[in-house]
Amino acid sequence: MKILTEHIEVPGIETIDVYRKHGGYQAVEKALKKMTPDEVTEEVKKSGLRGRGGAGFPVGMKWSFLAKPEGVPRYLVCNADESEPGTFKDHYLMWKSPHTLIEGMIVSSFALGANTSYIYVRGELMYVIHILEKAIQEAYDKGLLGKNILGSGYDLDLFVQSGGGAYICGEETALLESLEGKRGNPRNKPPFPAVKGLWQCPTVVNNVESIAATSWIVNNGGDAYAQIGVGRSTGTKLISASGHIRKPGVYEIPLGITVEDFIYSDEWCGGIRDGHKLKAVVAGGSSVPILPAEMILTTATGEKRLMTYESLSDGGFATGTMLGSGGFIVMDETTCIVHNTLTFARFYHHESCGQCSPCREGTGWMDKVIKRIELGQGRKEDIDLLVDVAKKIEGNTICPLGDAAAWPVSAAIRHFRDEFEWHIEHPELATQPGAVYMRPGASWSN
Amino acid sequence: MEGKNNIVFPAETLDLVKKIIARYPEGKQKSALLPILHLAQAEWKWCSPEVMDYVASLLSIKPVEVYEVASFYTMFHLEPVGEHVIEYCRTGPCCLMGGVEVYDHLKKRLGVETGGTSADGKFTVKEVECLAACGWGPVFQIREKFYMHLTKEKVDQIIDELGK
């Protein structure tokens, strides 16, 4: 079942003519000519679509919070600042099929009553920005954007905004600051963007994949979308698969397949690269807890873990993780967990905006302490120190970057404490090139 | 309008600047700052104080409003750079794919440390965080182009080609 990527490999799908030949822009025709904005919102609510950027908040509900004061413009801003390590699905979708996003932007803007919308793309993807701008021009030329779209009386201008290289701008209020031409410092909430967002006007910020899914929902109805998936994990999800698998790439899966199938089936990742064994997975982008092989495949109650919001988080952080953005990073037995955790800690240290002291100082400490452990200069008390620092960042910052920085460190220690201890107790072994600790009796050890 | 040291965009870039400013409501022209900084960096390679002052004048904002933004975002070079700036991804997934070895080879080949510029002024090597290309790693970027699935051999080919 493919919704977003069904035609993604069709040659020329990036052009409006080919895109339309494959059913493109039917949702715009239907929504603008046959539906009211509230009816579109109602279908999105019924679909159960949840925010695909990582938070998983219901999209229809987020839309329903939008304030609608008379005479004040409202905005839809698409969050295409994809920067969570392990995540490259939005990059792929916009690069291959820009009209899929643009169609969703038109439908969603109509539902929200926005007459100007922006797609905020991370600046590193400048080539994708050019692809989007070309596609937007095509849409204007065909009367799908601009004044009185398809004679419906609805006007929409759509612009692409380039970021400048900052992970924090994926946080919605930091993104709005950035779109206003400022540093990406997250805002205190409330007020939420739905009330005071871009230039203090009511604003909805949604991820690329969430917005793209709305066209299919308009065409087929919210109920049809909700029939795909399991329970509250409805529809399909783009999963970015990277690391030690045979077929890295972006896969659109129906939510609800097993993690085991996703890793080992030839339809998806195709298994672990030849001759190697699964050691650990970071299932939803760098910020979600890492899980060892046995825990990612099976829940604590012995059930096969599914690719759903609920199943992946089953057991809480003690034995579970999160679906997050769907950045699925697979590691085999050659992976040094300490080194991998160091790259994540360094990432969050570099990307902390510096506004809140627990995050600004704490991410620096975690980076520094893990680095010395990795270099064979760790101290016995360092592991508890890391846990303590992580605990003191978590929940004590304006935005979730603090939590995102703390979780990978505390989870790596929770599940691979022996590997950190080995680095501290045996620096002469741990600092050998390519040295990796093998846990006695583990499924990935020989 | 002209900045110090004859810093001024070519006419067609100035047209583009006007179009970018028109994307936002009246009085919100500051929103054009990041897009215009990108244009400025494309024109002058790096964001010198003179370039940033010029950008401020185009948007009728204070120079400090440009400095604080340019220094916040990693894409803007605040010091001179070589002809080609190679920005390699140092984050987890690229490292899993052998990134560290490949990047060490790159630096050795060019005789530079991270952040340095090769003696002939052709290449500056910078390390950056995740470029959203994790399934195609190791990855680096030169201007707008992504170079994916890097190996030592590929790095040599790219350097040979661009170094000509």
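Analyst: Helix axes are lines fitted to C-alpha atoms over the stretch in contact, and angles run from 0 to 180 degrees between N-to-C directions. Helices (H or I, at least four residues) and strands (E, at least two) are DSSP runs, numbered from the N terminus. The model is predicted: local features need pLDDT of at least 70 and side-chain atom pairs count only at pLDDT 80 or more, while totals for chains, interfaces and linings use all residues. Residues are numbered from 1 along each chain as its sequence is written, and chains are lettered from A and ligands numbered from 1 in the order in which they are written.

In chain A, helix 6 (residues 98-112) packs against helix 7 (residues 126-141) at an angle of about 55°, the axes being 9 Å apart. This makes helix 6 of chain A oblique to helix 7 of chain A, where angles under 35 degrees count as roughly parallel, over 145 as roughly antiparallel, 65 to 115 as roughly perpendicular and the rest as oblique. The crossing of these two helices of chain A is right-handed, a term used if the near helix is turned clockwise from the far one by less than a right angle. Helix 6 of chain A contributes A:Pro98, A:His99 and A:Ile102 to the contact, and helix 7 of chain A contributes A:Ile131, A:Leu132, A:Ala135, A:Ile136 and A:Ala139; two residues are in contact if their C-beta atoms, placed from the backbone, lie within 7 Å. By class, this contact has 7 nonpolar, 1 polar and no charged residues (Ala, Val, Leu, Ile, Met, Phe, Trp, Tyr, Cys and Pro count as nonpolar, Asp, Glu, Lys and Arg as charged, and the others, Gly among them, as polar).

Of the 446 residues in chain A, 57% are buried, that is, 20 or more other C-beta atoms, placed from the backbone, lie within 10 Å of their own.

Turning to the partner chain, 47 residues of chain A are in contact with 34 residues of chain B. Elements of chain A that each supply at least two residues to this side include helix 7 and strand 3 (157-162). The largest share, 6 residues, comes from helix 15 of chain A. The residues of chain A on this side divide into 17 nonpolar, 23 polar and 7 charged.

How values were computed: A residue is buried if 20 or more other C-beta atoms lie within 10 Å of its own, exposed if 12 or fewer, and partly exposed in between; C-beta atoms are placed from the backbone.
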